[in-house]
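This report describes selected sheets, cores and single residues of one protein model. Please keep the sequence and the structure in view while reading.

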Amino acid sequence: MSAQIISGKEVSAQVRERLKKEVEAMKEKDPNFRPGLVVLQVGDREDSNLYISVKLKAAAEIGINATHMRLPQTATEDEILQSIRNVNENSSVHGLLVQLPLDSVHRINTEKVTNAVAPEKDVDGLTSINAGKLARGDLGDCFIPCTPNGCMELIKQTGMSVAGKRAVVIGRSKIVGAPMYDLLLWNHATVTTCHSKTADLAAEVGKADILVTGIGKPEMVKGEWIKKGAIVIDCGINHIPDSTKANGRRVVGDVHFASAKEQAAFITPVPGGVGPMTVAMLMQNTVLSAQRFLQAHEPGKWNISYTKLNLQRPVPSDIVISRSCVPKPIDCLAREIGLLSDEVELYGKTKAKVQLETIYRLRAQADGKYVVVTGITPTPLGEGKSTTTIGLVQALGAHLNRNVFACVRQPSQGPTFGIKGGAAGGGYSQVIPMEEFNLHLTGDIHAITAANNLVAAAIDARMFHEATQSDKALFNRLVPLSGGQKKFSPVQINRLKKLGIEKTDPSSLTEEEITRFARLDIDPESITWQRVLDTNDRFLRKITVGQSPTEKGHTRTAQFDITVASEIMAVLALTSSMEDMRQRLAKMVVATSRSGDPITTEDLGVCGALTVLMKDAIKPNLMQTLEGNPVFVHAGPFANIAHGNSSILADKIALKLVGPDGFVVTEAGFGADIGMEKFFNIKCRYSGLRPHVVVLVATVRALKMHGGGPKVTAGMPLPKEYTEENLELVEKGCSNLRKQVENAKHFGVPVVVAVNAFKTDSEAELQLICKLAKEAGAFDAVPCTHWADGGAGAVELGKAVQKAAEAPSNFSFLYNTELPVVDKIRIIAQKIYGADDIELLPEAQHKVDLYTKQGFGNLPICMAKTHLSLSHDAEKKGVPTGFVLPIRDIRASVGAGFLYPLVGTMPTIPGLPTRPCFYDIDLDPVTGEVIGLF
């Protein structure tokens, strides 16, 4: 009786159909996901091209995104290895197959090339690591080479159990024979490998219940060698002469098929046996790799380790605590929270930038809970918002086992060397390393400085050139001859369209159109754009530019601002994508023309260059807390003349990474009347995000100051009112707390009050604040000791936040942006500050009229007033009443997307005190450590 034919075509078709369904199941789970395969070929061998086309066709049928990467015959080993490294780092590729042989004119170490493939993408199963795992029997943790794997599938089709059977493998190649031996062995067969040195091959073959051949010798194994009833799997592909065929030859296996089928119970044909299964198994390995990838990178599934704090008493200085904790390598933290290697750009061992593509990858993932930390009206005694933000994150993560991210602003270096010191939190609730956090970080602020000052240079240069050239000369220099012809740049085409000139040929412009195009005609008195520097320097508050003789007397009075006051910083914080940033940078208004038209950076032709300077700054910076929680440090706009919140992009990426059960905790600058109001009305309006909880931070000593406590002088001991129990002062000061709770509730979001406790606070004082906060409408109020105890000291706060996040939230904005500018200002003044009304001074009224005429009247409002009082008078603590809010001026940050009314005067670049912080800052030349930073 003849053997039953095992059809590889039929079995492979079944495998492909199953894989197709598995790919569909993956796409149902994540519609944006597709398994990815790259086939890398060196040279242009005809046989390789044929094999690759079969693989690509099979991949397309199953739903695998397959790419054929061709390298020329001239490719060197280094070039091949670099191509492999690039694919290894590409998270959208799950399988990489190097097509052998490598057809190069250079000597190539094939073993080195195949071993360069990342083991988790080695769907051919040829790397030493996968081979080693197979040899050890780790079948579930490796990729099995495709041909042996296909052979096993065909053996299974017979219904015969492999366990206990005697198997013979002829051949010991790395691709077929050696892995086939291992595979049969770990499926519990007794295996013999035969090769060219085997004595009496026929006798060994005659013992086999299962025979697998892979020697490349046509019809070498005769039928009479084969044991009756054996399974014969023929992997050989050989050509022999055949005059009946058009090409004069036919394909045969290693086994003489006609005689073998009379002995065997089951046999594979050649062709049509093992060949189709090899391709099917390649597809199976690719799908398996994609499934493993999805399992390992399931959104919101973190495998994070936390750092245990070694708490000391008394609590050491911030820098001593920061140095006592060894941060995790930042690439390790990135992996723990589900970031892919190609989404992370390392800046040393402790900080990294995260690619914006992360949002695209995770776009189908539900967001986590969104928490904003704010405070009562600030006092010189401090409230500890940053410390509370980090303490809460440490509590939610390391102690309550929630995925949680902190999103905080990058501090300016000005205060770091001035009077305030660092801004990384404090005590045992810090972002580390604090030196990196407080100094250059990844250079974002320097990029903003360069971009801002490029605009300033462009303004003065354009005014100078317009004042010293005729229309024709100006036009010829703006649109110079290049390659014998004039051509507008894309940004100049945009200016023409803005002017209503629908022409693209410079020679077709009329004289009147040339004048309109070439002359911005900037009114020097209207320039609102200033140069910036990230240093406190009072002598740059008013300067004169253009005093060199080369500027021909074109001087003007100007000033410097601190870099974080630049509109570009606000643009960075409010942008939602690279394209959005490009558009916002282009819309920034820097001045007005003498005819009353707004002049933008696009009119200056500089907006594209600004985008180039900002292309890295737009990526959020990843750091960590003392306890190993992830922190995004990104953007740091002023909280008075700008909106005082970290970036929308950082929040959006973090909300995706934590998953629907996780938390993102961000901080709003200054008190709830400033930072929180702008967080809701500006940041949330542009981001589309809706917060779940407000955490309002207060301290006993700050509330005592609001209750009428004595003034505090820097460097002098605190008056006893702040260090001894005084319930009367606390109760009076809680009027400010009550008002700020009310302010938060205007937006329909639950409020949890965090009482940041100091060792001098009495239990009665803490409990009084909690009682009054709840009576004021807070969802809960909790004392915290995170400064001294780290996350453990904020566990009760974390529990309260979790409960509040489940409570109903009826979020709404305070005003409709379509309202007139004055009405929007009045609503903020009356509802948030408690003013009776507002008063617009003449300059402010002029700006209302101008911006409304220019089409900017529907922008949100960003109030620029003192943060030290609910009113415009910094000396008035508590809850001032009966005041009218004076609006001195109004300015426009059109690119960022808000108008900012100026209430009183405030410096936009701080000065240095008599004894700045830099007196204590130095570098240890032996250890390289920074000394005295905070």
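How many bridges join strand 24 to strand 25, and do they run parallel or antiparallel? Strand 24 (residues 589–592) and strand 25 (residues 598–600) are joined by three bridges and run antiparallel. The model is predicted, so local features need pLDDT of at least 70 and side-chain atom pairs count only at pLDDT 80 or more, while totals for chains, interfaces and linings use all residues. Residues are numbered from 1 along each chain as its sequence is written, and side-chain values use heavy atoms, with hydrogens and water left out.

Strands (E, at least two residues) and helices (H or I, at least four) are DSSP runs numbered from the N terminus. Two strands pair if DSSP finds at least two bridges between them. Strand 24 and strand 25 form a hairpin with five residues between them. Gly 596, in the turn, has a positive phi of about 95°. Ala 591 has Ile 599 in strand 25 as its bridge partner.

**Two open sheets**

Strands of a sheet pair through backbone hydrogen bonds, either parallel or antiparallel. Strand 5 (residues 166–170) pairs with strand 6 over five bridges, and Ile 170 has Cys 194 in strand 6 as its bridge partner.

Another open sheet has three strands in the order 3-2-4, again with parallel pairing. Here strand 3 (65–71) and strand 4 (95–98) stand at the edges, each with a single partner strand, so one side of each is without a neighbour in the sheet. The twist averages 20° from one strand to the next. Strand 2 (residues 36–42) and strand 4 are joined by four bridges, and Leu 37 stands opposite Gly 95 in strand 4.

Axes are lines fitted to C-alpha atoms, for helices over the stretch in contact, and angles run from 0 to 180 degrees between N-to-C directions.

**Cores and single residues**

A nonpolar core is a set of buried Ala, Val, Leu, Ile, Met, Phe, Trp, Tyr and Cys residues joined through side-chain atoms within 4.5 Å. Buried means under 20% relative accessible area, exposed over 50%, and partly exposed in between (1.4 Å probe, protein chains only). The largest nonpolar core has 142 residues, and Phe 405, Phe 680, Leu 737 and Leu 885 have the most contacts inside it. Helix 17 (residues 444–468) gives the largest share of this core, nine residues. A second, separate core has 51 residues, including Met 152 and Phe 293.

Ser 429 lies in strand 17 (residues 429–432) and is buried, with a relative accessible area of 0%. Gln 14, in helix 1 (residues 8–29), counts as partly exposed at 48% relative accessibility. Gln 14 and Ala 280 are 266 residues apart in sequence but 9.3 Å apart in space, C-alpha to C-alpha.
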